[in-house]
Structure formats: structure tokens, C-alpha cells
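I opened the model to look up a few things and keep notes. The entries follow below.

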Amino acid sequence: MSARTVRARLAPYAMIFPGWLWLVIFFVVPLVSMLSVSLMTGSDVDGFTQTWHFHTYVEAWNKYHVQIVRSLIYGLIATGICLVLGYPVAYWIAFRVRQKYKSMILFLLLLPFFVSFIIRTQTWNFILSDNGMVLGLYHALGFHGGHVLNTSTAVIGGLAYNFLPFTILPIYVSLERVHPSLLEASADLYANKTKSFLRVVLPLSIPGIFASVLLTFVPVASDYVNAMILGGTRNTMVGTAIETEYVTNFNPPMASALSFILMAVLLVGVFAYARALGTEEAMEMAATA
Amino acid sequence: MTTTLAAPDGITPETPSSSAVSRPRRRLHGRWILPLWSWLVILWLVAPILVMIVFSFNDGTGRTVSTNWQGFTFRWYEHLFSSSDLTHALVNSITIGLLTTVISVVLGTLMGVAMGRRKFFGIGSVNLLLFANIAAPEVVLGAALLSLFLTMHIPLGYGTILIAHVMFSVAYVVVTVRARMAGQDPALEEAAHDLGAGPVTTFLRVTLPGIMPGITAGGLLAFVMSIDDYIITSFNNGTTQTFPLWVYGASVRNGGGVPPQTYGVGSLIFVIGVLLAVGGAIWNRRKV
């Protein structure tokens with residue numbers, strides 16, 4: 001092997017190295033150190049020592065299983081709402097909107113990203129508050145009372161709102177790949193519209209649905225901003241618990257254990273999806289969204 | 001698969017009579033339900049933006065935006081930067097966003113170029129690393145990074161926010177650049193090489209212009225994610241404020257409402273962002 005081919009062989013490693021190192025130091029190492037922190041025992045006052053005891057996980061589950069289960073339930077409901085609301089929109093853009101208007105419609109879907117996530121969520125607090133415009137209208141119609149803010153409805157609504165574009169875009173991408181001639185073929189073979197949809201379009205959009213669920217469910221279930229701004233004190237999620245344990249109670253082992261419980265639940269699902277889909281494709285979809 | 005199923009041109013087996021009978025009826029309800037549904041969803045998505053913009057002009061005397069319409073005013077825009085905390089947080093957000101973009105574009109482009117074409121030993125583990133980074137929940141990334149900074153006794157602040165932002169945005173740059181790189185014909189680089197260009201010249205004059213759209217998209221993504229991040233930043237900011245953190249802090253202090261300037265700054269950022277995006281799209285179209 002000449003010096004030149006050696007250099008050509010090593011070139012990709014040299015190019016990958018700086019970014020790889022950044023991710024190893026600030027992503028992999030912290031996760032590993034968090035794993036060891038979760039196996040520490042002690043208190044805020046006496047300090048924490050490495051004991052490799054598993055009991056923090058049991059304590060974390062006992063203390064926060066309500067939040068963990070609630071996060072999964074909110075995540076599933078919000079993801080379900082996003083799919084039901086978003087699939088028809090993706091279908092409409094892919095098959096009905098004329099080519100020259102497609103990018104304009106897609107741009108409209110992306111408009112929320114030009115406003116800060118926190119402001120968007122806070123604006124829903126503003127709209128739904130007890131003297132805000134929704135309840136104001138409700139009262140003007142002659143009804144009394146009513147309360148939206150600080151309910152699970154408000155949190156789930158906020159979650160669905162904030163993550164809906166992440167649901168629509170991957171489905172749209174997969175529907176856009178469905179060749180129109182397939183629809184013609186199924187029509188020629190005497191399938192009606194419903195049958196064409198169920199037997200041709202829907203199966204071909206399954207990868208998109210997979211990617212959508214992944215891109216929506218993970219951030220939704222681990223989000224705590226919506227719960228904080230729209231949910232009050234009674235609808236806290238597991239993210240809230242991690243933040244409270246770490247920052248307010250300064251109990252890093254508990255926060256770390258909770259993080260791993262959350263990741264174990266989420267990542268098992270994510271990797272199962274990724275296996276079915278191929279990591280590369282899933283990531284490209286993540287990037288386009 | 002698609003090519004084998006496509007009907008050859010000129011052979012359209014559908015008889016005109018059958019389509020003429022069945023089409024109008026079938027389309028009648030399908031024609032408006034789908035667009036109506038979609039437009040309602042779009043309306044829902046833009047509703048809070050409209051509310052924000054309209055109420056940024058709402059007069060009032062309270063410390064927060066009034067939920068009732070008190071009359072039209074430009075007052076809040078005249079005093080947009082009167083709160084030094086807000087201005088400071090905004091400046092931090094913008095400079096961190098720009099630095100994040102530069103660093104993650106450099107690191108991510110190098111990785112994306114290397115990974116886009118050749119398969120090399122270990123590429124699978126790098127892929128897994130990137131995928132895990134994108135898939136991991138933000139709250140976990142934030143908490144984990146904080147534990148690293150605490151154990152290494154690294155003071156929290158501007159620097160740690162920047163480190164965190166590069167950590168979560170670099171993978172997105174890699175993915176967009178790599179996709180572009182994979183779509184580029186290797187023959188172009190071979191041609192440059194045959195014409196006597198060295199590897200650096202080839203990279204700068206041939207590879208880089210070709211993958212520029214991918215770099216731009218990745219860089220924009222990095223900037224937007226950085227300027228908008230709340231969760232990871234809230235773990236690693238120390239006492240440094242960014243715009244999203246300031247807005248959240250202000251809403252907590254004021255029982256849910258935000259100072260009127262907030263909607264003004266939000267609207268301004270929205271308008272600038274939209275103008276840049278639309279301008280960029282028009283400029284791109286002209287070039288082609």
C-alpha cells in the first residue's frame with residue numbers, strides 16, 4: 001500500500017474525529033456517568049457515594065410511577081390525536097394540492113417554528129386562561145364556570161399542538177413517494193377508492209407512520225414544558241419529576257434513575273421501530289422534519 | 001417495482017362512460033371534507049401566532065398582556081428593548097445560536113462528507129451514535145450533561161450552554177450533509193482529480209459547492225434549534241439567561257402572563273424569520 005492510499009483510507013477517520021469526540025465527551029460520557037450516579041447512595045447534606053445499589057430505581061418508581069405512567073398515557077393520546085389530525089392533511093398535500101402550491105402549504109405547517117416553543121405554549125395559556133378568549137366566548141354565550149387551564153385536556157392539547165408538524169411531515173414524505181401509477185393500477189383492477197387506500201396507499205405509508213410515531217411520541221412523553229405552563233401542579237409528567245429532583249431537591253441519583261427508567265421505556269420502543277425501519281432512513285426523516 | 005406496474009403510455013383501459021358516471025358523485029363529498037379538515041388543522045397551528053401578533057398591539061396598564069382588548073397601540077414596540085434583562089437574554093440567544101451554527105456546521109460537514117460516500121470500518125457505530133443522540137429525550141440529555149459539568153467542576157454559564165447546543169445540533173447537520181453527499185455524482189470529483197486538482201482544491205471547488213444546500217439546511221436547523229431550546233438549556237445555564245428561559249421565568253413570576261414586550265419581540269422574530277425564509281426561497285428559485 002502506498003502512502004497515498006493509506007492517507008486516503010485514514011481521511012474519513014480524521015474528518016469524523018472532531019465531531020465524534022464532541023459527541024463522545026458531551027453525550028456518551030455524561031450518559032455513562034449518569035448511570036453510575038443513579039447507583040449512588042447518600043443525601044444532599046452528607047454527599048453521595050458509589051454503592052452500586054439498585055434501590056434508587058425502586059424508590060424512583062415508587063415515588064413517581066404516577067408521573068411515569070401519566071407521561072406514557074399523555075404521550076399515547078397526544079400521538080394518537082396527531083395521527084388522526086395529521087394523516088388526512090399529509091394525504092391532502094401529497095395527492096390533492098397542486099404541485100406549485102405544495103411548498104407554500106408545507107411552509108404554513110412550519111410557521112409555528114418561527115415562534116419560540118415557550119411563547120407558543122404560553123400563548124395557549126393566554127388563550128385558555130380563565131379570563132381568556134375561549135372561556136370569554138363561552139361565558140358570552142351564556143354559560144357559567146368552565147375551566148380549561150390546569151387540566152389534563154390543556155396539557156394533551158398543548159402537546160398535540162406543539163408536535164403535530166413532526167407527525168405530518170414524515171407521513172407526507174412517505175405518501176409523496178407513492179407513485180400515482182399504483183393508484184391507476186389499483187383502479188384499473190377494479191378497486192374502489194376505499195379499497196385502493198386501504199390496500200395500496202396505507203401500507204406504503206407505514207414507514208412514514210412509524211417515523212411519525214417515533215418523532216412525536218418520544219419528545220411528547222418526555223416533555224415537561226406543556227405540563228408546566230398548561231397543567232398546573234396536578235398534571236406533572238416524568239420530565240417535571242427529573243427536573244425537580246435534580247434542580248430543586250438536588251438528588252442526582254433519583255433524577256438519574258428516573259432518566260434511565262424513562263429512556264429504558266422509550267428507547268426500547270425506538271430501537272424496535274428503528275430495526276423495522278432501518279436507522280438511516282429514520283434519521284433522514286428526522287432531519288427533514 | 002413502480003416501473004413494472006406503470007401502464008405504458010397510450011393504453012388507458014378505462015372506458016370514458018364508466019368514469020363519467022362514477023366520478024362526479026364520488027368526488028362530491030371527498031372534494032371539500034379533506035381540504036376543510038386540512039385548513040382547520042392549519043388554522044389551529046397558526047392560531048396562537050395570530051393571537052400573539054394581534055395582542056402585541058394591545059394597550060393596557062398591567063404588568064402582563066391584557067386578555068381583554070384595550071385598544072390599539074405601538075407602545076410596546078417603542079419600548080421593545082427597554083427591559084435590559086430581556087435584551088440581554090435575546091443577545092445571548094442570538095450569539096449562542098450563531099456560534100452553535102458555525103461550530104456544528106464545521107464538525108457536522110466534515111462528518112457528513114466522510115460518511116456520505118465511502119463505507120469504512122466503524123461507520124455503523126458512528127451511525128448508532130448519531131441516531132441515539134437524535135432519539136434521546138431532551139430532558140435526559142440535559143440532566144446527563146449537567147452531571148458531567150458538576151462532577152468536572154465546570155462553571156455553568158454561556159460556555160456550557162454553547163457546548164450543550166452544539167451537542168444536540170451537530171447530528172442534524174451530519175444527516176442533511178450526508179444525504180446531499182450521497183446524491184452527488186463521484187465522477188465530478190474524479191474528473192477534478194484527473195484534471196490535476198489536489199484533494200483540497202477538489203473539496204473546495206467541486207465537493208463543497210455541490211453539498212452547499214445540505215450545509216445551509218443543516219446550519220439553519222442548528223440555528224433554529226439553538227435559539228428555541230428550553231429544556232436542555234434550563235439544566236446547563238447557571239445564571240445566564242436566554243430568550244426562552246427569560247420568557248418562562250417572566251411567566252412564572254407573573255402567574256402565567258408575560259410582559260407585553262414579549263409578544264412584540266416574538267412577533268418581530270417571527271416576521272424576520274419568515275421574511276428571511278421567503279426571501280431565501282425566492283433567491284434560490286431565481287438562481288436555478
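I count two strands as paired if DSSP finds at least two bridges between them. Helices (H or I, at least four residues) and strands (E, at least two) are DSSP runs, numbered from the N terminus. The model is predicted, so I note the limits: local features need pLDDT of at least 70, side-chain atom pairs count only at pLDDT 80 or more, and totals for chains, interfaces and linings use all residues. Residues are numbered from 1 along each chain as its sequence is written, and chains are lettered from A and ligands numbered from 1 in the order in which they are written.

**Strands.** I looked at strand β1 (residues 40–43) and strand β2 (residues 47–50) of chain A: they run antiparallel, joined by 4 bridges. They form a hairpin with 3 residues between them. I traced A:Met40 to its bridge partner in β2(A), A:Gln50.

**Chain contacts.** I called two residues in contact if their C-beta atoms, placed from the backbone, lie within 7 Å. How many residues of chain A are in contact with chain B? I found 78, against 77 residues of chain B. Helix α1 (residues 3–38) of chain A gives the most to the side of chain A that touches chain B, with 16 residues.

**A:Pro112.** I found this residue in the loop between α3 (99–110) and α4 (117–128) of chain A. Is A:Pro112 buried or exposed? A:Pro112 is buried, because 20 other C-beta atoms lie within 10 Å, and the cut-off for buried is 20 or more. Not counting residues up to four places away in sequence, A:Pro112 touches A:Arg120, A:Pro165, B:Leu45 and B:Ile49.

Conventions: Buried ≥ 20, exposed ≤ 12 C-beta atoms within 10 Å, placed from the backbone.
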